[in-house]
Amino acid sequence: MVRLLLVTLLLVLVAGVAFGAPYLMSDYFVRVLLIIALNSIFVLSLSLSNGFTGVFSLGHVGFIGAGAYVSGILSLTVAQKASLLPNLPVFMNWFSMPFLPATLTAGAFTALLAVIVGYPLMRLSGYFVSVATMGFLIIVNVVLINASNFTRGARTFTGVPLDTSLPWVFGWLVVTLFVLWRLVYSPFGRRMKAVRDDTVAASAIGIDMLNTRLSAFAIGAFFAGVGGSLYAHYLGSFSPVTFYFAMTMNLIAMLVLGGMGSLSGAIIGVICVTLLSEVLRSVERGFTIGDFIVPALFGASQVALGFIFILIMIFRPKGIMGESEFGFGLFRRSANSKIKQGEVK
Amino acid sequence: MKNINRRTALGLGLSTAIVLAGTGRSFAADPIKIGFPANLTGNAASLDAPMLNGGKLAAAEINAAGGVLGRPIELVVYDTKSDPTVIATVASQLIDSDKVVSIIAYSDSDSVLAIGPQIQKAQIPLITPGATSPKLPSQLGNEVFLACFGDNVQAAVGADFALNNLKAKTGYLLTDLGTEYTTLLSDYFVKTYEHGGGKLLGKDTYKTGDKTFTAQIAKIKALPEAPGFIYAASLVDEVTLILKQLRQAGINVPVVGGDGYDSPLLLEVGGKAAEGAYFTTHSYIGVGATPKVQKFMDAYKAANKVDPENAFAALGYDAVKLMADAITRAGAVDSAKIRDAIAATSGLDGVTGTITYRAGIAVPDKSVSVIGVKDGKLFLASEAAPTFVPEP
């Protein structure tokens, strides 16, 4: 009962921030909050396969890109479709979809894509699956560049309505977090972790390895597609190169930094990396302390961030949160977390 | 190795962030702030970095001469890392935190498209030194101005040059479908060349990153009549390969293109095959340049220890001068008045040509330099304004 009350209170607080922030804070901080929430959706959906199921996918950004383009194409107005995408097939060029249905369609599309791609790939293990999913990312990129009737090729896809606001992203973040929380800390979640920790033993007790991995992969891809749609409606214009290796590395860094086996860790990783890169980006422009002038050194923020990653990997190789959750004791902890942390023998 | 626990790690990170965030910046007496976001790292860096150096040089010259309206100007520079997400965040920093009165930004259309919606919403004028898509103002709104000519103008000059200087009444068109720039350039070229009475014997396409052009070249060789010249709407990486493979196949007709060729790579990679290549660009920077350009080259070298890398250095310089001129004529540091003053710019003499905006058109009428390659060196083949300009 107390828990229910606290959860409701937390939700009210989130809603308050989402709707109130634009009135209280400058546009810059609202954007930083929005990017944190958006990246949290990306990294949470990534953690499902990479962290909890042990399928270290490098193709996640492929789903984000596919979601962004699907939602972008669906939400252009009919007039924009005629001028920007003159060769769009007839069945697609006579309507324009609102934000929410376009986002759901994008998610459904990427989930379907994940089932098709994952069916052969999820049989692989270890770094084989990483390389194979990276192949998927490259295929998505080449398709986006060459399917120019749908995507304008390598040229900028522009004109997507700027619908993504803080309440939308926070709303989707809450949905993502809720679904993943219920999933990860459920019997199905136990199966995922069993497959991750010891495939042979998991199979021996009757866990369907392919099925478990494929489900995790497809659910992760659904939220990646949803996030991609939000991202498309945040940027308004993007091109295939937006969804490639740079973004992949960024998301994986956030996940590994926060802790691979923890949902709250994923969010903490996102918050740390985003805030740190924002602060470093301002610092690299140079500043003065008293008479001491530090000149501008552009590019230094990337170097400093990389250095901090190295330090964290040396001193906390499992990431900031490792496998435990951070919930003010509100939520049930995973039973094995204390054992893993060495707190319980 | 001793592990730092979770709480310590979080605490350490947080306190560092607070300390770093607290390091404020102090400013001299009340300068006029002009936003200058640039992609100083990432894939657009080779164009934006010279552009920023050119811009800083212009700002230094203006401030040395007493500033604008009695106040110095300050370029508020951010590195946007060739990343649209960072561009959107920086735009709100410039508008909300730095409160800039106007913005000068970018050498590529993609980045301008990324920053456009926000500056349009905030009603802050933007001058782009180097994004040549003439569609930008209609895509984004009335706050966006180009300091460079549009692709329709340079394509028109390229077509005029082929018809009048090369006396080529027949041509062949090669288009890179991989970028917005080359696709637009090619469309505009066809319109002017055919308007001027030229006849295209054929058209072919390829995509950015292609390495062999054997199929395209075989088609040219199979034509019943050899074309007078080839227009290649290409970027420098591909055009050097196209030139080499054309010359190997024994096709020695001139090859004409746009400012995408304007890079030292044309001569370095193209070598002997680059003979007979011509391209339209903003300004001829090199040995035998006009005194005005030579003066800019010397000043740039003195400030940066290197010669101007490409025409974008000069464009950055001109964009800052254009903005300062507009603020002076506006008579007040007010975004709306500055916008109107930019739109009314007439006959402003810059390194890259004279800038005049016709009423309601945010792309200036500028003369275009046509540069050719002869004996392994660049030379100014022609400097002209087009006779017919296709609609953007």
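# Exercises on a predicted two-chain model

**Exercise 1. Why does the end-to-end distance of helix 2 of chain A agree with its length?**

Step 1. Helix 2 of chain A has 26 residues, and at 1.5 Å a residue it should span 38 Å.
Step 2. Now look along the helix. Helix 2 of chain A bends by about 40° at A:Leu46.
Step 3. Look just past its end. There A:Gly54 has a positive phi of about 75°.

**Exercise 2. Is helix 2 of chain A mostly covered or mostly uncovered?**

Step 1. Count a residue as buried when 20 or more other C-beta atoms lie within 10 Å of its own.
Step 2. By that count, 19 of the 26 residues of helix 2 of chain A are buried.
Step 3. The helix is therefore mostly covered.

**Exercise 3. Describe the side of chain A that touches chain B.**

Step 1. Start with the totals. Chain A gives 37 residues to the contact, and chain B gives 37 residues.
Step 2. Find the elements of chain A. Helix 2 (27-52), helix 13 (263-283), strand 1 (287-289) and helix 14 (300-315) each supply at least two residues of this side.

**Exercise 4. Work out the strand order of the five-stranded sheet in chain B.**

Step 1. The order is 2-1-3-4-5, the sheet is open and the pairing is parallel.
Step 2. Read off the edges. Strand 2 and strand 5 (144-146) of chain B are the edge strands, and each pairs on one side only.
Step 3. From one strand to the next it averages 25°.
Step 4. Check one pair. Strand 1 (residues 32-38) and strand 3 (residues 102-104) of chain B run parallel and are joined by two bridges.
Step 5. B:Gly35 stands opposite B:Ile103 of strand 3 of chain B.

**Exercise 5. Which strands of chain B stand at the edges of the seven-stranded sheet, and why is one side of each left without a neighbour?**

Step 1. Write the order. This open sheet of chain B runs 7-6-8-9-10-13-14, with mixed pairing.
Step 2. Take the two ends. Strand 7 (199-206) and strand 14 (377-384) of chain B each have a single partner strand, so one side of each has no neighbour in the sheet.

**Exercise 6. Why is strand 8 of chain B called largely enclosed?**

Step 1. Count the buried residues. Five of the five residues of strand 8 of chain B are buried, so the rest of the structure largely encloses it.
Step 2. Find a covering helix. Helix 7 (residues 180-195) of chain B lies across strand 6, strand 7 and strand 8 (229-233) of chain B. The helix runs at about 165° to strand 6 of chain B.

**Exercise 7. Compare two residues of chain B that have a positive phi.**

Step 1. Take B:Leu69. Its phi is near 55°, although the residue is not a glycine.
Step 2. Locate it. B:Leu69 sits in the loop between helix 2 (45-64) and strand 2 (73-79) of chain B.
Step 3. Judge its cover. B:Leu69 has 14 C-beta neighbours inside 10 Å, so it counts as partly exposed.
Step 4. Take B:Ser82. This residue is not a glycine either, and its positive phi is about 55°.
Step 5. Locate it. B:Ser82 lies in the loop between strand 2 and helix 3 (84-97) of chain B.
Step 6. Judge its cover. With 22 C-beta neighbours inside 10 Å, B:Ser82 counts as buried.

Note on methods
Residues numbered from 1 in each chain as written. Chains lettered and ligands numbered in written order. Predicted model: local features only at pLDDT ≥ 70, side-chain atom pairs only at ≥ 80, totals over all residues. Contact = placed C-beta atoms within 7 Å. Helix = DSSP H or I, 4+ residues; strand = E, 2+ residues; numbered from the N terminus. Expected span 1.5 Å × (residues − 1). Bend = angle between axes of the 7 residues up to and from the residue. Buried ≥ 20, exposed ≤ 12 C-beta atoms within 10 Å, placed from the backbone. Pairing = 2+ DSSP bridges. Axes fitted to C-alpha atoms, helices over the stretch in contact; angles between N-to-C directions.
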